[in-house]
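Visitor: I would like to be taken through this entry with some care, one local feature at a time.

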Amino acid sequence: MVNLNTLNPQQRLAAETIHGPVLILAGAGTGKTRVITFRIAHLMDKGVAPDNILGVTFTNKAAREMQERVSKLLPRAPRRRDPNAERPPRPTMCTFHSLCVRILREHIEKLGYKRNFVIYDTSDQLGAVRKILSHISTKGEKTDPSAILSLLSRYKNGGSRAAALDDPSLTALAEHIRKHYDSALRACNAVDFDDLILLTLRLFQEHPDALEACRAKYRYVMVDEYQDTNASQFKLVNLLTKEHRNLCVVGDDDQSIYGWRGAEISNLLDMEKHYPEVKVVKLEQNYRSTTTILQAANAIIKHNVRRRGKSLWSEKGQGEKIQLHTFSDDEVEARTVVEGIEFARVARHIPWSHQAILFRTNQQARVLETALRQGGVRYHLIGGQSYFDRREVKDFLAYLKVFMNPNDDISLLRIANVPARGLSEVTMERLLGASHERSVSVYSVMRNPLVTTTFMAPARKAIEAFVEFIERTRGMLHGGHCTSLQTWADAFLEETGYLNEVRHSEKTLEAGDNRVRNIKDLINILERTEAEPEGRGKGKGAETAALPGEGFHKTSSAAEKLQVFLEDLTLDSDRAEEKEVEGEFVTLITMHSCKGLEFPHVHIVGMEDGLLPHSRSILEGTMDEERRLFYVAITRAMESLNISHCATRKKYGQATTCMPSPFLKELPMELVELADEKAKQPVTVNTGKSLFDMMRSSLD
C-alpha cells in the first residue's frame, strides 16, 4: 500500500480523488509531481489495472521522471527467472505526440497511410518547404522557409493570435503552400509533429471503432501542465474521456505563458463548461520560497482579473526583503549583478550553481554573457542560443578568421557563399576535392589558375572575385592602413551586403534587426580594446577577467588586436566546456524557459516598460500573460530575489531612455528595499512616496 500520510491534506485529497473529473490547481512549488505520482500509485492500489492508466505530459523528460517515481512507490516486482517472460504492465506515461504515434501505428492504415510512416523533423520539414518554394517563387524573390513553416504549424493547430501582425503576403503564400506541403509529405508516407495530433483526431472522427478501442484502454487519464494545451490537444483529451469522465488535469492558470505558441488558458479556466461535475482541489502550500517572495508573487498576480483564485503560502519563514536596483545602463546592470554573484561566492560561500539570472528576451543575453566572461564566471545559457553560437555571430567570426588566415578551410567554407556570390555547393565541392588531391587548402586551389580555368565562366569569375575581395580586405588589415577595426569591419560588411541579407532573412523586421544588432555589438567589443587590462598574462594562473579582445597594447596593430581577440574567444570556449562538465556554473535563462525550475538566489534583470511587459503586449492584448511571466520569474526564487531596471539601454549601439516596468508598482513596498548602485547597500524607503515614484525619480 502507498503511504499517503506523507502528503499534506490538500495533496492527499487530490491523490485520493480518483473517480470522475478532477482539476488540481497546483501553484508554483506546491509539489505537483509528487501528487501526480502518488495518485497513480493509489489508483493501482485500488485495483485499477496499470495499462488502463494514461499520464500525458509535454516533455519526454517529465514522462520518464514520473514513470521512475511511480515505480519507486510501488512494491518491487519479483525478479523474472524467464528472460522471455512478459514484463508486468505499467501505466502509460508519454507526451501528446508519442501517444498519437502509438495510436496511429495501430490504426493509420484506415486513413490511407502505410503503417511504416515516417515522422519529419524540423530539418526535413524545412527541406520540403524549400523544395516547394524553388518551384513557385519568382526569380530573385527570397522567402524564409522557417517563417512559412511557423505559419503552417499555427494553421494546423488552430492558432490565430497575432494574425493581424503577420505579413499579409507571407500569410497568403503560406496558405497557398499548405496544400503542396501536405501533398509532398503524403507522397512520402510522412507526417510532421502537428499531423500526429490532427490525424489522430481525424481517425477518431471517421472511425469510431478506433476511438472506442482507445477509450476502453485508457480509462483513467491524467494531463499535466493543462494550462499549456492547445485547441487540438484539448479535443483529443475530450474525445478520450467524455464517456467515462475519469479525467484528472493538473495545472496553474497563473503560469500560463505560452499563448504565443497556441496554448489556450481557457481550457483550464472553463473546465466546468465541459465537465460540470468537476472536483477542484487547490494546492497552495509552497515548499520552495520564503514568505516574502510568495507575498510579492501573490500581490502581482491578483491584478489579473480572469483567473482561478489561489494564494501561495509557506512555512519557510519571512526571509530577506526583495532588493530592487536602478542602474544607469545595461552594461552597469550586468557588471554589478556579476560582481554581486562573485561577492556572494567569496564572502558568503554561495556557489555559482545556486545563482540564476533571468531575462525577458534572448537579446539581453549578450551584455550578460560579456560581463560573466569578463568576470571569469562560469555560466550556462538555457532557453536560447549563446550569443557566440548564433549563426550571424559565427558567420562574422568566420570572416574575421579568414582575413587572419585564409587557409582556415572550416571558416572559409562557411562564408564562401554567405551571402550568395555565385559559389554554389557544386563549385565548392569541386574546389574541396581539388584541395584534397593536392594536399593544400581550399584557398590555395582558388588562387591556382590551373584549377580555376577548369570551371565554366560564371563560376570562374565568382572564384576570382572572391579571392580579390579576400586579398584586398586582408591587405587593409595587415598593411598598416587600418586605424580602426570598427571602420574596417563596417566596410567589408557593407561591401558583402551581409547585414542587409541578415536583416531581410527573418519573418519579422524586429527579428532581422536583432540579428544585425548582434553583429554590431560584437564590432563594438572589437573597438573597446585599446588598453591592456591589469593582470592579463599568458602564464599559469592568469585566467583574469579579460573581455574577448581586451588586453592589447596601445601600439598594437589592428591585425595583432584581431588575433588576440580571436585567441581569447577560442581559449574561453575551451575553458567553458571544461567547467560545464564540472557542473558548477551560473544559470542564464529566459523567463519562458525557467518554468518548472528553482534556484536559491534569483536575479531578474531588465524590468523595463517595453521589455516586460513587451512592447507588443498592448497591441496583441497579452498584458495578463506578461504579468504571469513576471509571476513565474518571481516564484523561481527560493531564498533571495534581486530585481533591476535601467535608465538607459543600448539599441543599435545607441543609448535609449527606459522607464521602469509598470509591474514594479504592484510590488508591496513593505517587501522591498531599494538598493543604491554606488554603495550597493539597501536604502530606506520613504513611506511618504510610492515605490514607483521613487524609481521614476531615480532616473532624473
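Guide: The model is a predicted one, in which local features need pLDDT of at least 70 and side-chain atom pairs count only at pLDDT 80 or more, while totals for chains, interfaces and linings use all residues. Residues are numbered from 1 along each chain as its sequence is written, and side-chain values use heavy atoms, with hydrogens and water left out.

Visitor: How are α4 and α8 oriented to each other?
Guide: Helices and strands here are DSSP runs (H or I of at least four residues for helices, E of at least two for strands), numbered from the N terminus. The axes, which are lines fitted to C-alpha atoms over the stretch in contact, with angles from 0 to 180 degrees between N-to-C directions, come within 9 Å for α4 (residues 96-107) and α8 (residues 193-206) and cross at roughly 50 degrees. Angles under 35 degrees count as roughly parallel, over 145 as roughly antiparallel, 65 to 115 as roughly perpendicular and the rest as oblique. The relation of α4 to α8 is therefore oblique.

Visitor: By class, how many nonpolar, polar and charged residues make the contact of α4 with α8?
Guide: With contact meaning heavy atoms within 4.5 Å, α4 contributes Phe96, His97, Cys100, Val101, Ile103, Leu104 and His107, and α8 contributes Phe193, Leu196, Ile197, Leu199, Thr200, Leu203 and Phe204. Ala, Val, Leu, Ile, Met, Phe, Trp, Tyr, Cys and Pro count as nonpolar, Asp, Glu, Lys and Arg as charged, and the others, Gly among them, as polar. By these classes the contact has eleven nonpolar, three polar and no charged residues.

Visitor: What kind of aromatic pair do Phe403 and Phe469 form?
Guide: Rings of Phe, Tyr and Trp (its six-membered ring) pair if their centres lie within 6.5 Å, and planes under 30 degrees apart count as stacked, over 60 as edge-to-face and the rest as tilted. The structure holds ten such pairs. For Phe403 and Phe469, with 5.9 Å centre to centre and 75 degrees between the planes, the pair is edge-to-face.

Visitor: Is Phe469 buried or exposed?
Guide: Phe469 belongs to helix α21 (residues 457-478), and its partner Phe403, 66 residues apart from it, to helix α16 (residues 391-404). Buried means under 20% relative accessible area, exposed over 50% and partly exposed in between, for a 1.4 Å probe and protein chains only. Because its relative accessible area is 6%, Phe469 is buried.

Visitor: Which residues do ring pairs link into a cluster?
Guide: Phe403, with a relative accessibility of 0%, counts as buried. Ring pairs link this residue into a cluster whose members are Phe396, Tyr399, Phe403, Phe469, Trp488 and Phe492.

Visitor: Which residue does a cis peptide bond join to Val418?
Guide: Most residues other than glycine have a negative phi, and most peptide bonds are trans. The bond in question has an omega of about 0 degrees, and its second residue is found in the loop between α17 (409-415) and α18 (425-438). That residue is Pro419.

Visitor: Is Arg245 buried, partly exposed or exposed?
Guide: Arg245 lies in the loop between α10 (231-241) and β7 (247-251), and its phi is near 70 degrees, a positive value in a residue other than glycine. Because its relative accessibility is 21%, Arg245 counts as partly exposed.
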